[in-house]
Amino acid sequence: ATIIALAFGGIGDDVPIKDIPVAIVNLDKGANGQNLGDIYVNAFIPAADGSDNPNETCKLAEASTTNADSSVLQTLVKAVKLDDVNAAKTAVDNGTYTAAIIIPEDFTQKVSIGVGKLTIEPSSIELYANRGREIQAGIIRSIVDSITNPIMTGNITLQAMFASIGSKFGAMQQLALANSQSFKDNIACAFTPGISKLTIVQ
């Protein structure tokens, strides 16, 4: 919150920091009907007017729901989506972008819980930053952390819940819950930006 507040206040309250150029490379192939990498893309890059969020599976989110914080975030950064990791890193090195957010292809597969996979595995989001722009890069890191932490906390909680169900009621109940459509619909809301809002303090 402090680093975001600094961004909007500017350095010495003279010139606000905005339109930080950022590249996002989402290699995530998704798993269990979701793509967690899309959460980062949707947070940094506004959807075109009238278009649907391809990762929107939360039935509790109303179509009219808007996230004012996302608009603030998209004023702070100017992000583009790239497909090539090496090209993104080269562009960071030459100053075109302050940082590149790189999401690995197995990110959702490793950190999510679903049918046939009830444990999470280590994974990471790479933030490749220009060394000459430490303040701006620190802001981007703070934002990435604010997106990543709820994802990891939620899946760790799911892992513990399934482990508890398995120890008390057996594997069949674990499988039944994992296959339940209502369970999938409600869990999707935990990873929907319109429900789990990214808060920016100004």
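Predicted model: local features only at pLDDT ≥ 70, side-chain atom pairs only at ≥ 80, totals over all residues.
Residues are numbered from 1 along each chain as its sequence is written, and side-chain values use heavy atoms, with hydrogens and water left out.

A search of the whole structure finds one aromatic pair. Rings of Phe, Tyr and Trp (its six-membered ring) pair if their centres lie within 6.5 Å; planes under 30 degrees apart count as stacked, over 60 as edge-to-face and the rest as tilted. The ring centres of Y40 and F107 are 6.1 Å apart and their planes stand at 70°, so this pair is edge-to-face. Because Y40 belongs to helix α2 (residues 37–44) and F107 to helix α5 (residues 107–111), the pair ties together parts that are 67 residues apart in sequence. Helices (H or I, at least four residues) and strands (E, at least two) are DSSP runs, numbered from the N terminus.

The accessibility of these two residues can be described next. Buried means under 20% relative accessible area, exposed over 50%, and partly exposed in between (1.4 Å probe, protein chains only). Y40, at 0% relative accessibility, counts as buried, and F107, at 1%, also counts as buried.

The charged residues form a second group of contacts. Side chains of opposite charge can pair when their charged atoms come close. A salt bridge is a side-chain nitrogen of Lys or Arg within 4 Å of a carboxyl oxygen of Asp or Glu, and the structure holds three salt bridges.

One of them joins K29 and E105, whose closest N and O atoms are 3.7 Å apart. K29 lies in the loop between β1 (20–26) and α2, and E105 in the loop between β3 (99–103) and α5, so the pair ties together parts that are 76 residues apart in sequence. K29 is exposed at 65% relative accessibility, whereas E105 is partly exposed at 45%.

Another salt bridge links K89 with E126, the closest N and O atoms being 3.1 Å apart. Since K89 sits in helix α4 (residues 85–93) and E126 in strand β4 (residues 126–129), this pair ties together parts that are 37 residues apart in sequence. K89 is partly exposed at 22%, and E126 is partly exposed at 33%.

D106 and K110 also meet in a salt bridge through their side chains, at 3.4 Å from N to O. D106 has a relative accessible area of 28% and is partly exposed; K110, at 26%, is partly exposed.
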